[in-house]
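Thanks for coming, everyone. Let me put the structure up, and then we can walk through it.

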Amino acid sequence: MSIRTGNDVHTYEVVEGWGMSAASGIDGSFDVAGVGVDSMGQVYLFNRGERPVIVLNEQGEFIRAWGDKKMFPNAHAVTIGPDDSVWLTDTFDHTVRKCTGEGKVLLTLGTSGKPAKSMSGLPFCRCTHVAIHPATGDLFVSDGYGNASVHKYSPDGRLLYSWGEPGNRPGQFNLPHNIATDRDGYVYVADRENSRVQVFTANGKLEDIWTGMARPCGMYIDTRGSQTCYIGELSSAWWCQNAKDLWEICNQPGCGPRISLYSLDGELQATLLDNAQGEAPDQMIAPHGIAVDAAGAIYVGEVSITAGLWFPRKDKSKQLRIVTKLAKVKRPEAVN
């Protein structure tokens, strides 16, 4: 029986085994950190294996792969531009690279292998993601692991200005992990360790703060139709993964990991696979990157290998799922 998740309005079905085959190049031995879908429905999996960019079709079949560990030592996030350019953010290389779909580098932001001083507010120190203004083409880079900033660039790569500082007050950041823009150019930042999303104008003015989520990690805004923000949330119980008794108490449904759907006024619309952290088909381990295709299917990259080093596993010989596809159900039936 297929696994369904969501509610009567937003219902999805788990496409079991999608992309997880030797033929696809996804052998379960590395994390898939970022996911993007281009205008042709091709799915880009930015991963931490030997070929950091693996491209599959919507059925999960291999198309091509490119890149190497020298260029992308720690893949983190991918953004597909309106022209199908592929923007790749690497936390260890401290760069954002604009590439063609076949892997030719067109533009590089940052200096390869040379980070800015941590928490200096200067770009970049372990940057995390890039978003694109739909009207101007300006670029917004979240600079999260070694900084607490967002940097705004012109389309040709000139730094325009930066905003943000460490902290948990409005406008401050504690690991700005992912970033997205909506149709009107507002900038949404997944402020992960503050467990919130902050919304800014394109000039860095704070407009709104969404709370009530568990460590928002991956984020994608589908600007088609009524616009929906998809957020991959991590478990809020990670802190006790090495304490078995505490883990069994704290690892509960409602505490992540899960996928949450929000309207752009910050109202929760649905939660998917919200069944505590685990390896079952109706659970998630560590949703890290997320994207949605034209048919409404959700693709999630999970850093399950990294997370699996900590959370208690029943069978360590079992292959961990590192990519998940959730197909949208057009005529919802009862949800299990």
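**Overall fold**

Of the 336 residues of the protein, 57% count as buried. Buried means under 20% relative accessible area, exposed over 50%, and partly exposed in between, with a 1.4 Å probe and protein chains only. A word on the source: this is a predicted model, where local features need pLDDT of at least 70, side-chain atom pairs count only at pLDDT 80 or more, and totals for chains, interfaces and linings use all residues. Residues are numbered from 1 along each chain as its sequence is written, and side-chain values use heavy atoms, with hydrogens and water left out.

Now the overall shape. The protein has two helices and 25 strands. Those are DSSP runs, numbered from the N terminus: helices are H or I with at least four residues, strands are E with at least two. Along the principal axes, the C-alpha atoms fill a box of roughly 50 × 45 × 40 Å.

Contacts next. Take those between residues at least 6 apart in sequence: 48% join residues at least 24 apart. Contact means heavy atoms within 4.5 Å.

**The largest pocket**

What is the volume of the largest pocket? About 830 Å³. The search runs on a 1 Å grid over the protein atoms alone; a pocket is an open set of points where a 1.4 Å probe fits, with protein on both sides within 12 Å along at least five of seven lines, and lining residues have an atom within 4 Å of a point. Grid points are joined across faces, edges and corners, and the volume is the space filled by probe spheres set on the points.

The lining of this pocket has 45 residues, and V37, I80, G81, Y220 and I221 lie nearest its centre. Which elements give two or more residues to that lining? They are β3 (32-37), β7 (75-80), β11 (127-132), β15 (176-181), β19 (216-222) and β23 (287-292). By class, the lining has 23 nonpolar, 14 polar and eight charged residues. Here Ala, Val, Leu, Ile, Met, Phe, Trp, Tyr, Cys and Pro count as nonpolar, Asp, Glu, Lys and Arg as charged, and the others, Gly among them, as polar.

**Individual residues**

Stay with β11, where V130 is found. V130 counts as buried because its relative accessibility is 1%. Leaving aside neighbours within four places in sequence, V130 is in contact with T79, W87, T89, V96, L139, F140, V141 and I179.

F173 sits in the loop between β14 (159-163) and β15. F173 also has 1% relative accessibility, so F173 counts as buried.

Now the backbone. Where are the cis peptide bonds I want to show? One joins P123 and F124, with omega about -20 degrees. F124 lies in the loop between β10 (105-109) and β11. Another runs from G256 to P257, with omega near 0 degrees. P257 is in the loop between α1 (244-250) and β21 (258-262).

Last, positive phi. Q227 is not a glycine, yet its phi is about 65 degrees. Q227 lies in the loop between β19 and β20 (228-233). L273, not a glycine either, has a phi of about 55 degrees. L273 is in the loop between β22 (268-272) and β23, and at 1% relative accessibility L273 counts as buried.
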